[in-house]
Amino acid sequence: MGIPEVLAALADETRRNILLKLREGKISSGDLAVALHMTPQALSYHLAKLKKADLIYETRFKNYIYYECNLSVLDEAILWISDLRGGSK
């Protein structure tokens, strides 16, 4: 994970909407596509960007893939941004 990948992933509104949905809990890729009114192909593209930035992780169960947020990466990005601002100043 690198800060550039995290910031690039967060720059896209669709990916931010995916993260907001995942904040509610683990969800299958099919259910996520339906909830966000996206085609599976479009969702797959955005999920790949989020995975590259380590903002999400997947688990497989039988024929299903479930996605969840990786909040520790968000914490690291927030710390970096805070340091950039000069901490608590």
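1. Helices (H or I, at least four residues) and strands (E, at least two) are DSSP runs, numbered from the N terminus. The model is predicted: local features need pLDDT of at least 70, side-chain atom pairs count only at pLDDT 80 or more, and totals for chains, interfaces and linings use all residues. Residues are numbered from 1 along each chain as its sequence is written, and side-chain values use heavy atoms, with hydrogens and water left out.

2. Helix α5 (residues 71-85) gives the largest share of the nonpolar patch, 3 residues. The patch is made by L7, W80, I81 and L84 and covers about 380 Å² of surface. Patches take residues with over 30% relative accessible area and no salt bridge; nonpolar side chains (Val, Leu, Ile, Met, Phe, Trp, Tyr) are joined within 5 Å, like charges within 9 Å. Areas come from the Shrake-Rupley method with a 1.4 Å probe, and for residues only the protein chains shown count as cover.

3. I81 lies in helix α5. I81 is partly exposed because its relative accessible area is 37% (buried means under 20%, exposed over 50%, partly exposed in between).

4. There are 4 salt bridges in the structure (a side-chain nitrogen of Lys or Arg within 4 Å of a carboxyl oxygen of Asp or Glu). One of them joins K21 and E24, at 2.9 Å from N to O. K21 is partly exposed at 23%, whereas E24 is exposed at 62%.

5. A network of salt bridges links K51, E58 and R60. The closest N and O atoms of K51 and E58 are 3.0 Å apart; for E58 and R60 the N to O distance is 3.2 Å.

How values were computed
Buried < 20%, exposed > 50% of the residue type's maximum accessible area, 1.4 Å probe, protein only.
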